[in-house]
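Dear colleague,

Please find the structure below.

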Amino acid sequence: MKQRQKIIITLIILVIAVILFITYNMGNNIDYVLSRRGIRLATMIIVGISVAFSSVIFQTITNNRILTPSIMGYESIFILFQTLIVYVYGDKAFNVISQQENFFYAVLLMLFFSVFMYLLIFGRQRKNIFYLLLLGMVMGTLFNTLSQFMHVVIDPNEFSIVQNFMFVSFAKMNVKLLGIASGTLLVALVIAIRYIKYLDVIALGKDHAINLGLDYNKLIRLYMLIIALLVSVSTALVGPITFLGILVTNLTYELFKAKKHIHIVWLCSAVSCICLIVGQFFIEHVLSFSTTVSIVINFIGGVYFMYLIWRTRKKIS
Amino acid sequence: MENQKENKLVFQGIVKEYGKKKVVDGLDGAIKDNAITSLIGPNGAGKSTLLSILSRLLKQDGGDVFFMEQKLQDYKSSELAKKLSILKQSNQMDVKLTVRDLVAFGRFPYSKGRLTATDWQKVEEAIAFSDLQDFADAYIDELSGGQRQRAFIAMIIAQDTDYILLDEPLNNLDMKHSVHVMKTLRRLVDELGKTVVIVIHEINFAAQYSDYIIALKDGKICYNDTTHRVINPHILHEIFGIAFDIIEKNDRKICNYFNL
């Protein structure tokens, strides 16, 4: 019963947040404000869902609640790719390559990266997910360093183009990308939902998963591809935001004692949309755009974790 | 060895190496149907490795495992899960589940997560079979090690496979619960006609409850015979390198290896 109340309250908060975000202090030019806020809202919902799904899936297959896909270097490869384009074409870069083409290549690259990493680990004898993580971390650092090197070499004006990709912002308004990104999200979700019941079993650990008849390696490969799709959606739209995953997944596990992953992913999506919308609302109306959503989320997340640590300490003593 | 064809689980020339070290080296044998077979031997003899290979958790570097005259790797994993189950020794997990939820996972091979009334009946039977009714709604991370171990065994029972492989099922259990688990396994064999293979360290549990013993040492099988013949002071001394005194009582053998 209590569970149901919590879910209803969460949904009510989500609806209130959406209405407030759209209607608060609209001013005179309603059409203009409405369309701009609508685009931002759509972006936040798409990003919220993709962050929630990718983080929940990633945490379950790694059996670790403090990881997000950002550890695998997915976002680094995206930024490296953008830097490379600017490095090669200079400030004409996005006249040569359209945003849609750019997104398409980035998705392909990340899928390829997923398969490559998987083959590198699972093709050999060391069939261990922790080698995968370790390799991901090392590759991520390599990509970051390569990007940084190019940042130093390129013209400062060109750097400002790259900079746009490096920081999270919902003010970017990638209208052209919104369609293709939501399409990609839809594809990823359809596949994810079909295979999500197996996550319940994978959460028990590899040995149990095999005992209960799962083709473990095949499933991990599939989940990695889904994660790559989801991360490319959120990164292309607003920048490297998957750190949000730690906060929203833990909040979801803390608030709802849900056991089935099919419930967890949707609840987590709701929580993550609320976080983004409320955060963005504060930035727009309280802080009047003087900061970015990542700072607000990090602040709330930090406070929440201090609370968690304080509470567990109290429990022990 | 001559009547190997009658047994459904047969292994030939099993080799597994980590780096250059061969953990098991050319193991041949068969698991006798409708019986409890204990794998015994000193630490590092390759018992758990053999069990993992027999249950497809680990891939061998050489040799073949045949299950019902077909190679193990030719089976679909989901089909095999209805015929053969495995429980390893470390079962730490970070999931909030009750005992009933966990046992219900045993029905996954049949129902893929959507349990029918028959499945729930099997779950309740498995809980009762393992004497866990009082803990059925407790969360597994709040149980003692022994209770948790029994919950996992109940999951395997709910899986209802003809072949059950257990890696040190008595780990963390006190004497009462060890005996209870062994009697449960005995009933699975005697009443339900299952075949059980266990890796076991306490020689007396093997001597009391198993029908056959496969003894391993340094990655090789040194004895594969009935319990009665393997429980012999000379053989046990050869396997473990310490002295044994065998006491016979009520047609059962008890091994004393203390203060000899």
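In chain B, strand S1 (residues 9-18) is joined to S2(B) by eight bridges, and the two run antiparallel. Strands here are DSSP runs of type E with at least two residues, helices are runs of type H or I with at least four, and both are numbered from the N terminus; two strands pair if DSSP finds at least two bridges between them. Across from Val10(B) stands Ala30(B) of S2(B).

This is a predicted model, in which local features need pLDDT of at least 70 and side-chain atom pairs count only at pLDDT 80 or more, while totals for chains, interfaces and linings use all residues. Residues are numbered from 1 along each chain as its sequence is written, and chains are lettered from A and ligands numbered from 1 in the order in which they are written.

The open sheet of chain B has four strands in the order S2-S1-S4-S5, with antiparallel pairing. Its edge strands, S2 (21-31) and S5 (70-71) of chain B, each pair on one side only.

In chain A, Ile309(A) belongs to helix H14 (residues 293-316). Is Ile309(A) buried or exposed? Ile309(A) is exposed because 10 other C-beta atoms lie within 10 Å; a residue is buried with 20 or more other C-beta atoms within 10 Å of its own, exposed with 12 or fewer and partly exposed in between, the C-beta atoms being placed from the backbone. Ile309(A) and Phe170(A) are 139 residues apart in sequence and 31 Å apart in space, C-alpha to C-alpha.

Yours sincerely
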